[in-house]
2 protein chains.
Amino acid sequence: METKNLVISFAILYVVTGVAIGVGLYYAGYNADHSPAPKMDVFQQLQNEISADKISGYLKNLSSVPHLAGTAQDYEQAVWLHDNFVQSGLDRVVIVPYQVLLSYPNMTQPNIVRLLDDKGLANITTSGKQTPISQPEEFSELAAPNFNAYSGQTGLIESDGLVYAHYGQMEDFEYLESVGVNVSGKIVLARYGASFRANIVDLAQRKGAVGVLLYSDPKDFAKKGRNDIYPDSWWMPGMAVQSGTVYLGNGDPLTPFYPAVESAYRIPESEALLPSIAVQPIGYDEAELLLQAMGGPPAPDQWQGDLEPVYSLGPGFKYGDGWKLEMDMQTANKLVTTYNTIGMLYGQEEPDRYVLVGNHRDAWTLGALDPSSGTACMLEMARTFGKVKQDYNWRPRRSLIFCSWGAEEYGLIGSYEWVEEHAKVLSQRAVAYLNVDIAVEGNYSLWGSGAPLMNKVYLDSSKRIANPSADEVAQKRPTVFDTWVHRYPDANHPTKPKVNILGSGSDYTAFMHVLGVPAIDIRYTYEEDIGSYPLYHTLYETHHLLADIMDVGFLHHRAVTQLWAEVARNLLESVVLPLDPDWYATYLAEQVAGIQSRYGSQLEANNATMKYFQLAVTHFGEAVRHFQNTTLANLDTSDVLAVRRVNDQLMQLERHFIDPHGLPNRPEYNHIVFAPSSSDGYSSSSFSGLTDLLEAVGEQTIVQKPVEWAQIQQHLSVIAFYIEAAAKSLSDHI
Amino acid sequence: METKNLVISFAILYVVTGVAIGVGLYYAGYNADHSPAPKMDVFQQLQNEISADKISGYLKNLSSVPHLAGTAQDYEQAVWLHDNFVQSGLDRVVIVPYQVLLSYPNMTQPNIVRLLDDKGLANITTSGKQTPISQPEEFSELAAPNFNAYSGQTGLIESDGLVYAHYGQMEDFEYLESVGVNVSGKIVLARYGASFRANIVDLAQRKGAVGVLLYSDPKDFAKKGRNDIYPDSWWMPGMAVQSGTVYLGNGDPLTPFYPAVESAYRIPESEALLPSIAVQPIGYDEAELLLQAMGGPPAPDQWQGDLEPVYSLGPGFKYGDGWKLEMDMQTANKLVTTYNTIGMLYGQEEPDRYVLVGNHRDAWTLGALDPSSGTACMLEMARTFGKVKQDYNWRPRRSLIFCSWGAEEYGLIGSYEWVEEHAKVLSQRAVAYLNVDIAVEGNYSLWGSGAPLMNKVYLDSSKRIANPSADEVAQKRPTVFDTWVHRYPDANHPTKPKVNILGSGSDYTAFMHVLGVPAIDIRYTYEEDIGSYPLYHTLYETHHLLADIMDVGFLHHRAVTQLWAEVARNLLESVVLPLDPDWYATYLAEQVAGIQSRYGSQLEANNATMKYFQLAVTHFGEAVRHFQNTTLANLDTSDVLAVRRVNDQLMQLERHFIDPHGLPNRPEYNHIVFAPSSSDGYSSSSFSGLTDLLEAVGEQTIVQKPVEWAQIQQHLSVIAFYIEAAAKSLSDHI
């Protein structure tokens with residue numbers, strides 16, 4: 001306790017230092033002509049109020065009980081957030097229900113995998129549960145048995161073969177085919193860590209597999225060996241299991257495009273984008289037993305993990321014919337109610353302009369990191385804004401909306417349904433969406449993702465936040481920004497950190513990719529090159545893991561909250577919105593150059609010209625320069641309607657990239673620049689509507705693939721059109 | 001001339017009277033709390049400036065030469081409008097080109113229809129052209145031969161039969177089938193007057209016809225007999241021909257959903273929504289010869305027209321076997337450039353809020369009525385606004401945009417392409433669209449169509465416009481409104497005139513049905529119960545027809561211009577937008593009651609509940625009352641941002657009814673309340689997404705048609721959702 005207090009005292013000093021430094025950078029970054037002098041009092045009050053102890057306290061409460069989406073505990077937390085928001089002084093707090101299709105295991109009859117010998121006797125039997133290790137809450141009877149949501153079949157699934165498919169990516173399945181290992185009719189054993197598990201399952205299903213077993217190899221997730229694991233470190237024990245959805249879509253599977261409100265029409269489950277095969281996660285201790293039993297050719301060197309002995313590809317078992325693998329599955333889909341808790345702090349001057357902050361609430365079990373670390377930060381942020389509002393009779397210029405999403409883990413369901421329900425109003429009024437899912441998954445550096453328009457406000461804000469790491473401060477990196485740019489410099493712009501583009505890993509997806517509301521995602525991350533932190537989605541996401549191992553003193557949580565609040569404050573309070581079309585222009589110019597370089601000659605050779613795409617990006621750059629150098633430079637900031645006009649142009653700019661007709665072959669995504677990667681839902685890609693089509697034609701020409709090349713030509717024209725329209729939207733006439 | 005001057009003198013008196021009366025009604029209609037005192041000076045200046053003589057002069061010029069879309073004369077008129085707009089003092093005038101697919105006859109080789117005897121000799125041969133009668137401009141060599149645009153086949157089309165199909169509606173084809181007359185492989189002879197000709201052709205094509213001949217029967221269009229026709233009256237001579245498009249879609253056929261800009265991708269013509277069979281219009285003198293030659297059973301009594309002798313159904317010819325009908329067709333599609341002339345008058349306080357007025361410019365030949373009567377009014381309106389701006393250094397609060405559309409006649413092409421190009425900006429900024437196509441097609445009464453939101457501003461404005469008819473004034477009906485409500489009282493609300501809902505007959509379609517920009521259409525119409533004025537789309541739409549027969553003194557033209565200008569002024573100048581959600585609520589309540597009454601028990605019996613639809617309409621009504629009684633009633637009109645906020649809610653209200661996914665089976669229409677009728681593109685319908693589906697299932701139950709009933713259930717939920725969303729948009733929170 002003493003140590004902790006000491007750290008906190010130090011941290012307060014850093015805040016002051018951080019502010020001082022931040023201010024200089026802040027001023028330097030803004031054009032004094034059309035940006036207000038920062039309301040230092042508001043900034044200061046918000047920053048000072050944010051308490052690491054309070055965050056820890058919130059987290060302790062949130063992670064004390066499993067709170068799987070759609071359960072009583074999840075609803076209790078929705079109510080608890082509601083009550084907290086009310087107590088914080090927010091103006092309007094509501095709990096919004098949606099009836100959606102989720103998926104659950106049987107609490108008393110876990111899903112079991114059995115290896116049966118030629119007499120049908122079980123040789124290996126998985127436990128179906130994770131063993132409690134150290135913290136009392138791990139022993140909760142409410143902890144669900146191991147499962148992957150939306151596993152597609154209930155009952156006994158039997159196969160005479162098991163195939164080891166490495167990370168289960170397209171290249172892995174292609175390799176298996178190349179060496180004559182057919183997964184059709186077999187069960188696939190694949191490792192977590194390289195792509196979104198729903199993509200693994202989708203590929204396995206398309207290849208004809210009847211089931212999928214997923215596990216985390218110690219080579220990725222227990223790198224220090226089986227003796228250096230939770231609860232002593234953050235590494236994964238052998239019976240730990242990563243739960244998770246295997247639904248490839250977003251939002252309620254039964255109400256695509258429309259909200260799952262009471263009046264909703266539901267498509268038949270058979271038409272939903274759900275897997276039809278059985279999927280189950282197992283621990284690496286159990287995976288090891290199965291791998292030991294497997295026959296077939298040895299897996300290539302780079303496929304080998306850290307289990308014993310040498311990994312084989314299968315499909316047969318080495319003990320002889322007649323052995324079978326059996327999945328005894330109870331996971332079933334169920335229509336349940338999920339809840340979003342929405343709290344609104346009305347703006348003073350422009351209550352109809354919304355800055356939204358959001359975090360999901362549901363967890364696979366205790367969810368201390370995913371998502372309760374973020375929930376705790378959001379609660380503290382709400383308390384802080386409410387306190388400053390009450391203490392100083394202050395309101396922000398614009399409205400601030402806190403969103404606690406339900407059922408994110410199943411497929412971003414709560415946020416999607418809400419965005420679908422409020423699509424038009426959000427499109428008309430939302431300035432930005434600021435997401436925190438896992439607030440702290442490490443203490444190495446900020447890991448930032450976001451829309452180019454948000455680049456400046458994100459970076460500028462990070463310059464004003466004191467560095468939570470004493471080591472980093474000692475290295476003369478006093479702000480969050482300093483460590484960020486040091487750890488993750490942008491290769492093309494080394495004086496700034498790399499801001500990743502947004503995939504579909506969290507609740508910003510509907511905002512960014514469907515509506516075109518510029519979004520960011522904030523988290524503190526780890527140094528290791530692994531697909532996720534080792535205990536991701538396991539039973540062992542506990543308060544202990546954060547408080548005693550990953551973020552002693554909760555200083556990184558506080559920094560995330562401070563940064564989140566400061567980005568929000570900046571967007572709420574600036575007279576001219578701090579959205580940055582200039583960076584969007586730079587980004588587009590780099591992207592079009594990259595596409596030209598990679599595909600240009602192939603495109604030209606097939607009558608698909610890049611000319612208008614390039615021209616549009618040039619026009620966009622010119623329009624941005626004119627907007628900044630003329631419109632903004634000459635703006636009379638005392639002219640209320642003139643300010644509103646340019647702010648509307650800035651706010652709406654991202655919307656101009658939204659095609660209501662959707663991307664080619666992906667009508668569910670509407671942003672012509674950004675989309676989740678088609679091959680990995682976690683990743684993001686630029687102009688993937690185009691690059692997906694180009695990947696699909698490969699080396700084939702327009703003579704060989706006229707329909708596909710016509711699609712490419714058409715989509716190129718669509719891209720050019722939307723970029724031109726975005727450019728024109730910055731002018732003062734139609 | 002003296003008579004004319006006398007009439008004009010009288011009219012000036014009426015203006016003054018009209019104003020006085022109008023003011024009283026105007027005040028009575030508005031809540032003084034949130035409506036500005038009318039700027040009487042602006043109103044007065046605009047009204048007084050508008051000159052009947054100037055309109056006549058503009059019209060004389062416009063109708064002096066054929067100005068078919070895509071021709072040099074059309075472009076010359078686009079430039080002439082440009083120059084006029086510039087001269088009027090508009091701030092920014094541009095000519096916007098689109099390369100689109102139009103259709104033309106051969107100027108030197110007209111389309112000919114021949115009846116060939118059994119030796120192949122022509123017994124009847126049509127002329128393919130209309131004979132000039134009286135006015136010099138009718139003799140222009142630039143007048144196109146008779147044709148229907150997008151006729152689907154070039155060369156010789158031959159058939160051994162001709163079938164008389166009455167008005168060519170679904171019921172007519174069904175009757176033919178019922179009496180065993182098969183049109184497959186035959187040519188269909190159908191009468192204009194009951195539905196949009198593209199629907200006739202579509203039905204004929206679907207029934208297997210190889211060609212269609214269209215004509216106007218004297219029973220409809222020469223009601224006083226062959227001696228009382230143009231140039232002595234407005235009735236149709238025997239060689240007159242109604243040209244017109246037979247394209248069932250809207251916008252450039254090759255660039256659906258996207259604008260036909262330079263970078264556009266074009267679908268192959270074979271994939272466009274164009275007819276594949278030949279279509280040709282003929283005069284009734286020629287139709288009479290063909291009817292005389294026809295055999296087969298006699299047509300029913302109600303199918304008989306005024307030609308001699310008794311109409312038979314066909315398909316054979318009475319002169320014996322071996323006779324054939326031949327269509328010698330030259331009509332062909334061509335990629336050409338069409339032009340919109342767009343003139344903008346910037347607003348003073350809210351330049352980023354647009355009131356758009358529009359009229360198309362292209363005509364089948366001289367087009368004095370369709371559309372040049374409207375073009376002349378628009379030119380006069382632009383001159384008037386420019387004059388008042390210059391004389392008084394005045395600008396409206398919001399921006400006014402004048403739109404002269406190209407290629408409307410071919411399928412609303414100019415307006416669609418422009419709306420597609422500027423869809424987002426219009427959706428964000430457009431207050432309303434005010435259309436005048438044919439300004440004057442009669443002098444009987446105003447014929448108003450429009451969105452319910454526009455009801456109040458339309459009616460209130462009409463109360464301020466002096467009645468152009470001396471007879472009506474003598475009958476104590478001093479304003480345009482008075483005659484309107486007298487001639488066309490709303491059956492359910494007899495103190496107001498019936499405002500028709502919008503179909504797709506003119507350029508409001510893309511605004512209203514695709515974007516959800518509330519629109520109106522203004523015209524003065526005739527008393528007679530005929531599908532169009534007799535000389536519609538013929539060579540004889542001349543200045544003479546209007547100046548000497550239909551609108552002596554151009555007083556009705558002036559009244560249309562005055563009304564158009566006043567509706568625009570009202571929308572431009574009112575501090576709180578004069579859009580009327582209350583009337584929308586009334587309208588929806590009436591519609592839902594009508595649907596419940598007509599289909600309610602059938603729906604319930606098939607598990608398709610009206611409950612949520614009804615509930616949503618109730619919520620909408622409640623939201624409107626709250627908005628009016630609380631939000632607007634308490635609005636501080638000196639709070640600039642508060643006013644902007646409620647105005648944005650009003651402006652965006654119609655947008656909430658727009659489904660980006662389109663109506664069931666009609667993705668090209670997006671408004672869930674309003675759409676053109678599926679069976680007649682000229683007509684409109686309410687909730688036709690629903691009623692079309694219900695018509696399609698007929699008496700069949702969910703057991704017999706599960707897929708169709710699922711569509712009905714789904715669409716009902718979609719309707720309920722959008723109405724609820726519209727209701728919520730009127731609240732001050734999300």
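How many aromatic pairs are there over all chains? In this predicted model, the count comes to 68 aromatic pairs over all chains.

One of these pairs joins A:Y458 and A:W484, whose ring centres are 5.0 Å apart. A:Y458 is buried, at a relative accessible area of 0%, and A:W484 is buried with a relative accessible area of 0%.

In chain B, B:Y533 and B:Y536 form an edge-to-face aromatic pair, with 5.5 Å from centre to centre and 85° between the planes. B:Y533 is buried, its relative accessible area being 1%. B:Y536 also counts as buried, at 11% relative accessibility.

Aromatic residues also group beyond pairs: one cluster in chain A is formed by A:Y104, A:F147, A:Y150, A:Y247, A:W364 and A:Y410.

| Charged residue | Aromatic residue | Distance to ring centre |
|---|---|---|
| A:K463 | A:F481 | 4.8 Å |
| B:R191 | B:Y167 | 4.8 Å |

In chain A, it is the charged end of A:K463 that sits over the ring of A:F481. In chain B, B:R191 lies over the face of B:Y167.

Conventions. Residues numbered from 1 in each chain as written. Chains lettered and ligands numbered in written order. Predicted model: local features only at pLDDT ≥ 70, side-chain atom pairs only at ≥ 80, totals over all residues. Heavy atoms only, no water. Phe/Tyr/Trp six-rings, centres within 6.5 Å; stacked < 30°, edge-to-face > 60°. Buried < 20%, exposed > 50% of the residue type's maximum accessible area, 1.4 Å probe, protein only. Lys NZ or Arg CZ within 6 Å of the ring centre and 35° of its normal.
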